[in-house]
Every structure is written in C-alpha cells, then in structure tokens.
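Subject: Structure for you to look through

Dear colleague,

I am passing on the structure we spoke about, and below it you will find what turned up when I went through it. Please keep it open beside this message while you read.

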Amino acid sequence: MSLHTSTVLPQLVSEGLTYRDSDGSTVEYAHLDHGATTPAFVAVTQQVTAAAVTYSSVHRGAGFASRVTSSRYEQARESVADFVGARDGDQVVFTRNTTDSFNLLARALPVGTTVFVFASEHHAALLPWSNAVRLPIPHSHAEAVTILDEALRAHPTEHRLVVATGASNVTGEHWPVERLARLAHEHGARFALDAAQVAPHRRVDIAALDVDWVAFSGHKVYAPFGAGVLVGRSDWLDAADPYLAGGGATSRVGEDATEWTCGPARHEAGSPNVLGAVALATACEVITEHEDAIRAHEQGLRTHLLQGLAAIDGVHVHTLFGGVEGAPVATITVDGYSSEEVARLLGDEHGIGVRDGKFCAHLLVDDLLADHDQTSAVRISAGLGTTVEHLDRLLFALRSL
C-alpha cells in the first residue's frame, strides 16, 4: 500500500448498483445506512481473493500455503496496529466485531473493576459489563466531563474503566474523547474507546488520544468479512482466563493442568478468520491512504445534508450536543409519519436505504424523542458510497411528504 495520501476516493464494489421501483423505472441505489454496515472496498475484495488462493491453517502447518497464510495474518495485525497508532507492548486481538471486542475486554477485567459508561452508548459498549455505573446522558461536552468527574470521585475503587464512544452512532456527533480519557487517567482509571463510528472516517491514534483500548468492526470500515479488533494494553488481557478455551490459546496441556499462552493468541482460540483479518487490515490501509479525500468528501456531505434537512418544514433533526462536528449522519422524525413509514417510502419509491428504529441505542433515542410524539426515528448515514445526487433525492422525497 502506498504511503502517500491520495486526493481521490477509493472504489467500492457497490458502485453502479441500481434499484427498479414499482413503476419499472431504474435509479442508482442510494445506500444511506453506512452507520450500520458498509459495502466493501474494491481493494479489500481483491486482497481477499488473493489470500483465498493460498488459504490454509494459521501457525499450524509447515507447508507453503500455511506459511503464506500465517504471514498474511500477522501482517494484518501489524497493519491494524499502524492504523490505530498502537504503542509498544499493545496487543492486537482479532474478534468478530465491536460487540465481541468489548465482551472480551469485560471478561478480562480484574475482579471488582468498576466500569463507567454513559447511558447514551451503543448497546455493544453499554451492556457487556457486570459491575457498571451507568452515567446519565449528557447534552454538551462540558456536561459529559462533569458527569464523569463526579462519578469517578464517588466510586474510588482499585480498578476502574471508563468506556465511551468516539462518535454517536445515532447523531454522528463527536465526543470529547481526549478530555474524557485525560480525566479518567487523572483519577487512576483506564479508558476504552468505541471507535466503530470513527474508524470509517479517519485514523484513530491511541497514543495521541491517550486511551488504553480501542475497538471497531470491519463491517463499518468497508471490510464486511466478519472480523473486528480490540487493540490496547496487554496486562489485563494476559492475566485473564482466555476468552475462548481451545486450540491455539495453549502453551501446554497436561493430564492435570493447562498452561495458556500470552499475547493475542491467548484470546484467539480455534482457527481464526484469516480472510476477515486480511480484509480489515486492507481497509485500514485504504483509509490511511485516502484519509484527506475521505474527510473532505464526508464533511461536504454532512453540511449539504444538515442544511437541506433544516429547510424542510415538519422534519426534525435530533442532536445530542446541539450539532457539533461529526460524521455525515442525521437522525430525524417527520411530523405525521412513523419512522417505519418514512423508511419504507424512501426505499420503495425512491431507491434510498436508511435505518429506522432505535439503532441499538434505546436509551439515547428515548431521550432525544422525549418531547416528540414518536417512539423511534429514521437515521440517515452517508459515507463513501454517497453522492450529492443521493442526498438531493432524499431531500426531495422528504419535501414530498
């Protein structure tokens, strides 16, 4: 992968996908659900195809194909480490997705660890913890910092972990990660970052943000091949029982005892998802190479989308922090229509795919809609597969309501 930054956007396998509506006319499909899952980069599918030719067992064979596959797998680990700015000693553990990553981390916490998590988090970050202090939903960056500070002062346990997202999966708005992580460390706590809604848009720098762990999913970063990752400090991971017990996680199995290995293999028992790891690593390389072009494209989309929605009577854009910087995402309700009706209309009559419901963030959506006569919303999440024409078609469709 080239080290220079490209000024053009990377290609997607979904380019040219069309939709035929009920009257028989054909239109380019507008995928406005990038926040849920993304199409694959062309480069990702090419690398997966190449890796499939020599696909074999990882670290379990001396043959040519096995050596090539093992090398690809470990190179994928290095590429992901580079993407997130991993520090010396940090582990890169391949998982299934962000949910899997946080469940792994939850299993690795020292006994008695208190976890602090905002109620506005995606369920992947909200639910895995057995001993959690659930913090109220903040409505400004300053309020988030204050809430966390007061909670940490009120719970001075030996081991503490703060879990927070880099960007809301509901509103797209960025969270004050650096301030929250710094505050956690001032109180002697650790910090785990949910980067699922950040990594598709830009690199995540563990060292610069000063976070202890970061987790994200391949299907959010244009690598939908079933892999995710947890990257971060090794001590708690090496001290914990394996997340999965099985082959590859052991250094010795005897009649009376089993010795577990340390490092990423400790939590990657069984045959790993090599092709998923290759896909994820390739996507990280592509995003790095095209980072400036991606950011410019998506910020243009965000501005166009929010300005267009603000001009339509009866459409309400719901924000957590009042519309701070963020991803090209908007969650809306439309007067007189349920979210299901809006999503179905956009899909059936205009070839536009959006998400309706509560987006695996039920508490946050309930909070955002507290003053509205709606129980669910429509999320519009643009990305690299989105054009201005797609957004204009969306805005036209909403105006028609």
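Strand S17 (residues 377-381) is largely enclosed by the rest of the structure, because 5 of its 5 residues are buried, where buried means under 20% relative accessible area, exposed means over 50%, and partly exposed lies in between, with a 1.4 Å probe and protein chains only. Strands here are DSSP runs of type E with at least two residues, helices are runs of H or I with at least four, and both are numbered from the N terminus.

This is a predicted model, in which local features need pLDDT of at least 70 and side-chain atom pairs count only at pLDDT 80 or more, while totals for chains, interfaces and linings use all residues. Residues are numbered from 1 along each chain as its sequence is written, and side-chain values use heavy atoms, with hydrogens and water left out.

Which strands pair with S17? Strand S14 (residues 329-334) runs antiparallel to S17 and is joined to it by 4 bridges, with Thr331 having Arg379 as its bridge partner. Strand S16 (residues 355-357) also pairs with S17 in the antiparallel sense, over 3 bridges, and there Asp356 stands opposite Val378. Two strands are said to pair if DSSP finds at least two bridges between them.

Turning to charged side chains, the structure holds 13 salt bridges, a salt bridge being a side-chain nitrogen of Lys or Arg within 4 Å of a carboxyl oxygen of Asp or Glu. One of them links Glu268 with Arg77, whose closest N and O atoms are 2.9 Å apart. Glu268 lies in the loop between strand S12 (258-260) and helix H9 (274-289), and Arg77 in helix H2 (residues 64-83), so the pair ties together parts that are 191 residues apart in sequence. Glu268 is buried at 12% relative accessible area, and Arg77 is buried at 10%. Glu74, Arg77 and Glu268 are linked in a network of salt bridges.

Another salt bridge joins Arg153 to Asp149, with 3.2 Å between the closest N and O atoms. These two residues are 4 residues apart in helix H5 (residues 141-154), which means that about one helical turn separates them. Arg153 is exposed at 59% relative accessibility, whereas Asp149 is buried at 19%.

With best wishes
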